[in-house]
Amino acid sequence: VLLAGGTAITAMCTANDANKQVAAQVFEEKGVIDDADEKPLHGAIFLLLDTLEAFPESVQLQTEAMAALRSLVVDDDTRKSECMPSALENREVLLSDEIYPKVGGIVENASKLASQPLKLTEQTLLLLREISRGQERIQELAKPKGLMMPYVRKALGSSEARLVRAALAVLRAFAFCEDVRDELSLSCETKGYVQAVRDHLGTPVVCEQGYGLLANL
């Protein structure tokens, strides 16, 4: 049931901001007449976080729930409205002081799983990119002796274009922090980015992320 639910959320919310809003919010009715008594709660977000924490060793469940969670927070709907996209509102929930430590722990757990299907690695990296906001948090995530940088570097050297694109996207997010950008700009590091792009010149999304990273540096 949980697997099916995660898959359904991903299918429903990919590139559809209205569905992201509906899936992420439920209303706890306090009264029948007065609408002001309704309290908005981020239902699907918390459900997915609880699922990821409850089944830390289930590769299949981690994969689908991670993908579903990311689908709620990535701004991928090309139909732009005048109001703030629901995806960005959902992302702010993940970045809140209360929730962020839980999300960081979930990402770290996924990176340590012995079995790493392509989809799990890709979705973990892409969720990492979404939570890489703010100087202090990026510095913590990008620590050379931490778990995330080795995970990103391994994906960067993959033969799978999807993983290379995701790794480059994470590094672009890291590069918004000046101190981390200085580390990423070292010649021993930039050689890897250039090689990754060369290995996947026929894949536009890899080139886009690679050129963007080099421009940011």
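E53 counts as partly exposed because its relative accessibility is 42%, where buried means under 20% relative accessible area, exposed over 50%, and partly exposed in between (1.4 Å probe, protein chains only). The model is predicted: local features need pLDDT of at least 70, side-chain atom pairs count only at pLDDT 80 or more, and totals for chains, interfaces and linings use all residues. Residues are numbered from 1 along each chain as its sequence is written, and side-chain values use heavy atoms, with hydrogens and water left out.

E53 forms a salt bridge with K102, and the closest N and O atoms are 3.7 Å apart. A salt bridge is a side-chain nitrogen of Lys or Arg within 4 Å of a carboxyl oxygen of Asp or Glu. Because E53 lies in helix α3 and K102 in helix α6, the pair ties together parts that are 49 residues apart in sequence. Helices here are DSSP runs (H or I, at least four residues), numbered from the N terminus. K102 also forms a salt bridge with D50, with 3.8 Å between the closest N and O atoms. This second pair links distant parts of the chain, D50 in helix α3 and K102 in helix α6 (residues 100-112), 52 residues apart. D50 is partly exposed at 41% relative accessibility, and K102 is partly exposed at 25%.

A search of the whole structure finds 12 salt bridges. One of them joins the side chains of E130 and R91, at 3.3 Å from N to O. E130 belongs to helix α7 (residues 118-131) and R91 to helix α5 (residues 86-95), so that distant parts of the chain, 39 residues apart, are linked. E130 is buried, with a relative accessible area of 4%, and R91 is buried as well, at 14%. Through shared partners, salt bridges join R91, R129, E130 and R133 into one network.

Helix α1 (residues 2-13) has 12 residues and reaches 16 Å from its first C-alpha to its last, close to the 16 Å expected at 1.5 Å a residue; the expected span is 1.5 Å times one less than the number of residues. Its buried residues are G6, I9, T10 and C13. They lie on the same side of α1 because they cover an arc of only 95° around the axis, the arc being that of the directions from the helix axis to the C-beta atoms. On the other side of α1, A4 and A11 are exposed. What covers the buried residues includes α2 (17-24), α3 (43-54) and α4 (59-73).

A15 lies in the loop between α1 and α2. Most residues other than glycine have a negative phi. A15 has a positive phi of about 60° although it is not a glycine. A15 is partly exposed, with a relative accessible area of 36%.

## The nonpolar core

The largest nonpolar core has 56 residues, and those with the most contacts inside it are L72, L94, L128, L171 and F174. Such a core is a set of buried Ala, Val, Leu, Ile, Met, Phe, Trp, Tyr and Cys residues joined through side-chain atoms within 4.5 Å. Helix α10 (residues 161-174) supplies the largest share of this core, eight residues. Not counting residues up to four places away in sequence, L72 touches residues including I9, C13, I45 and L48, where contact means heavy atoms within 4.5 Å.

Methods
Helices (H or I, at least four residues) and strands (E, at least two) are DSSP runs, numbered from the N terminus.
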